[in-house]
Amino acid sequence: MSEPASLASAEPSPDVRRRPRVLAIANQKGGVGKTTTAINLGTALAAVGENVLIVDLDPQGNASTGLGIDRANRRFSTYDVLIGETPLRSAIMPTSVPRLSIASSTLDLSGFELEVGHTRDRAFRLRNALAAFASQHPDEPGFSYILVDCPPSLNLLTVNAMAAANAILVPLQCEFFALEGLSQLLKTV
């Protein structure tokens, strides 16, 4: 049975077209290339014309530094967004790469789990911030991709990234312990 012509040729609604693809780049092991993947993938997507936002959820802030955002210029950070003190829009900064922006991180993120660990919405803070950002600016073209650079652990920051994501990209080294860590990550997912 075929679809009616009006359904088959209908364009998606504007809301569907505007929804960004959110990718969490996660692995509890450090040094596997999460930040490098986020920066390079973001730059490549921007180079082909996509509007990209990198959300730096690693307290070390290497994605922010790697994209040229000096620590002194990080007025608002992902920490401020996740604890609800500022909207995501305030934490977003342009980079030197056209069409690539970043929501920077600061060391304050280290205390995030202690501060919100007992709150009801603790695992959905990033998802809620992204939804609020999209609903507050419906007329803007927005981002087509949001890449979330996670810390090297399966903590509440990584859980927030996974809860907000459409997919999870797991950079991996080809070794036994890395595969064992992957099985732990898959259980968490």
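Where does R99 lie? I found R99 in the loop between β3 and β4. Here helices (H or I, at least four residues) and strands (E, at least two) are DSSP runs, numbered from the N terminus.

Before going on, I noted that this is a predicted model, in which local features need pLDDT of at least 70, side-chain atom pairs count only at pLDDT 80 or more, and totals for chains, interfaces and linings use all residues. Residues are numbered from 1 along each chain as its sequence is written, and side-chain values use heavy atoms, with hydrogens and water left out.

**Entry 1: R99 and its surroundings**

I looked up the backbone of R99 and saw a phi near 70 degrees, a positive value in a residue other than glycine. At 40% relative accessibility, R99 counts as partly exposed. My cut-offs are these: buried means under 20% relative accessible area, exposed over 50%, and partly exposed in between (1.4 Å probe, protein chains only).

R99 also turned up in the contact list of A46, a residue of helix α3. Leaving aside neighbours within four places in sequence, A46 is in contact with V52, V97, P98, R99 and L100, where contact means heavy atoms within 4.5 Å. The C-alpha atoms of A46 and P98 are separated by 6.8 Å, although the two are 52 residues apart along the chain. A46 counts as buried, at 1% relative accessibility.

**Entry 2: the sheet**

In what order do the strands of the open sheet come? I wrote down β3-β4-β2-β5-β1-β6, which makes 6 strands with mixed pairing. The edge strands are β3 (92–94) and β6 (167–169), each pairing on one side only. From one strand to the next, the twist averages 25 degrees. Two strands pair if DSSP finds at least two bridges between them.

A reminder to myself: strands of a sheet pair through backbone hydrogen bonds, either parallel or antiparallel.

I then checked some pairs. β3 and β4 run antiparallel and are joined by 3 bridges; M93 has I102 as its bridge partner in β4. β2 and β4 (residues 100–103) run parallel, with 4 bridges. β2 also pairs in the parallel sense with β5 (residues 145–149), over 5 bridges. V55 has a bridge partner in each of these neighbours: A103 in β4 and V148 in β5.

Is β2 enclosed or open? I found that 5 of the 5 residues of β2 (residues 52–56) are buried, so this strand is largely enclosed by the rest of the structure. In a regular strand the side chains alternate between the two faces of the sheet. Both faces of β2 are covered: V52, I54 and D56 are buried on one side, L53 and V55 on the other.

Helix α3 (residues 34–47) lies across β1 (21–25), β2, β4, β5 and β6. α3 runs at about 165 degrees to β5; axes are lines fitted to C-alpha atoms, for helices over the stretch in contact, and angles run from 0 to 180 degrees between N-to-C directions.

**Entry 3: the cores**

A nonpolar core is a set of buried Ala, Val, Leu, Ile, Met, Phe, Trp, Tyr and Cys residues joined through side-chain atoms within 4.5 Å. The largest has 30 residues, and L53, L57, L88, F112, L126, I146 and V148 touch the most other members. A second, separate core of 15 residues includes L23, A46, V52 and L147.

**Entry 4: charges**

How many salt bridges does the count come to? The count is 1, using a side-chain nitrogen of Lys or Arg within 4 Å of a carboxyl oxygen of Asp or Glu. The side chains of R125 and D121 form it, at 2.9 Å from N to O. R125 is buried at 14% relative accessibility, whereas D121 is partly exposed at 30%.

D58, in the loop between β2 and α4 (62–66), is buried yet has no salt bridge. Its nearest side chain of opposite charge, K34, is 6.3 Å away. Lys and Arg count as positive and Asp and Glu as negative here; His and the chain ends are not counted. Beyond four places in sequence, D58 touches S105, L109, D149, C150, P151 and P152.
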